[in-house]
Amino acid sequence: MTPQRTLVLVAHPDLESSRITAHLTSAIMDLEHVTVHELSAAHPDRRFDTAREQELLRGHDTIVWQFPWHWYSVPGVLKEWMDQVLTYGFAYGAGGGALHGKRLQLVLSTGGPESSYAPAGHNRFTMEELLRPLDATAHLCGLEMAEPLILHSAPRVDADELGRHAARYRELLAPASVAAR
Ligand SMILES: Cc1cc2nc3c(=O)[nH]c(=O)nc-3n(C[C@H](O)[C@H](O)[C@H](O)COP(=O)(O)O)c2cc1C
């Protein structure tokens with residue numbers, strides 16, 4: 001059986017200033033079947049090489065969007081990637097089935113605690129509700145969206161907790177766990 005290939009798109013506006021995204025990225029860097037692709041580095045002038053990005057997508061079975069939660073959404077660099085790469089005729093529309101049947105895994109961190117993402121909480125809505133635009137995007141592209149891996153209270157997690165979370169992330173990307181779904 002061909003091993004499942006995983007493409008991790010790391011979307012952070014400034015990875016050098018990141019604690020969580022940087023740590024999680026280094027925790028999965030050595031996985032053999034995983035390609036780590038840092039989006040800010042891939043679009044220095046705010047333009048992606050659409051053909052190259054689409055080739056990368058074609059060559060992998062699972063796509064991971066790894067990002068910090070910014071203003072109840074993805075960071076701008078991931079939104080720009082979507083706008084420029086998920087084009088008509090490739091990701092959706094006539095002839096646009098390149099992503100059909102692939103798997104989408106969201107891996108994100110939030111500043112707010114889990115309890116704040118509730119109707120009576122500080123952020124008013126659940127993460128499930130706030131992630132609906134991404135769910136709809138996945139659906140339009142024929143991607144099967146997996147249960148998101150979320151680290152809440154990011155600025156307050158200590159080193160042990162971050163280490164355990166990184167271990168869960170590695171497990172999630174293990175070829176056996178990907179193949180079993
Ligand atoms: C521009 C910006 C917007 C943010 N918006 C949110 C938000 O809407 N909700 C939230 O819970 N945290 C928000 N945060 C906190 C980040 O999600 C948190 O600091 C991040 O997950 C930590 O990851 P990092 O160390 O990789 O940057 C925001 C942070 C920044 C810089």
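# Exercises on a predicted model

An oxygen atom of the ligand sits 2.9 Å from a polar backbone atom of Ile20. The model is predicted: local features need pLDDT of at least 70, side-chain atom pairs count only at pLDDT 80 or more, and totals for chains, interfaces and linings use all residues. Residues are numbered from 1 along each chain as its sequence is written, and side-chain values use heavy atoms, with hydrogens and water left out.

## Exercise 1: the ligand

Find which side chains have an N or O atom by a ligand oxygen, and describe the shell.

Step 1. Apply the cut-off for a polar contact: a pair of N or O atoms within 3.5 Å.

Step 2. Take His12. An N or O atom of its side chain is 2.8 Å from a ligand oxygen. For the side chain of Ser109, the value is 2.6 Å.

Step 3. Get the area. Taken alone, the ligand exposes 640 Å², and the protein buries 70% of that. Accessible areas come from the Shrake-Rupley method with a 1.4 Å probe.

Step 4. List the shell. The ligand is surrounded by 16 residues, where near means a heavy atom within 4 Å. The closest are Ser18, Thr21, Trp69, Ser109 and Tyr117.

Step 5. Sort the shell. It holds 7 nonpolar, 8 polar and 1 charged.

## Exercise 2: strand β4

Determine how β4 is covered and paired.

Step 1. Count buried residues (under 20% relative accessible area). In β4 (residues 103–109), 7 of 7 are buried.

Step 2. Find the partner. β3 pairs with β4 in the parallel sense over 7 bridges; pairing needs at least two DSSP bridges. Gln66 stands opposite Val107 in β4.

## Exercise 3: helix α4

Explain why α4 counts as largely enclosed.

Step 1. Count. In α4 (residues 76–85), 7 of the 10 residues are buried, so the rest of the structure largely encloses this helix.

Step 2. Name the buried residues: Val77, Leu78, Glu80, Trp81, Met82, Gln84 and Val85.

Step 3. Identify the cover. It includes β1 (6–10), α2 (39–42), α3 (50–58), β3 (62–68) and α6 (132–140), with contact meaning heavy atoms within 4.5 Å.

## Exercise 4: positive phi

Compare Arg46 and Ser153: is each buried or exposed?

Step 1. Recall the background. Most residues other than glycine have a negative phi.

Step 2. Read phi. Arg46 has about 65 degrees; Ser153 is near 55 degrees.

Step 3. Locate both. Arg46 lies in the loop between α2 and α3. Ser153 lies in the loop between β6 (149–151) and α7 (159–173).

Step 4. Check accessibility. Arg46 is exposed at 56%, the cut-off being over 50%. Ser153 is buried at 18%.

How values were computed
A polar contact is a pair of N or O atoms within 3.5 Å; within protein, one must be able to donate a hydrogen and the other to accept it, and residues adjacent in sequence count only if both atoms are side-chain atoms. Ala, Val, Leu, Ile, Met, Phe, Trp, Tyr, Cys and Pro count as nonpolar, Asp, Glu, Lys and Arg as charged, and the others, Gly among them, as polar. Buried means under 20% relative accessible area, exposed over 50%, partly exposed in between (1.4 Å probe, protein chains only). Helices (H or I, at least four residues) and strands (E, at least two) are DSSP runs, numbered from the N terminus.
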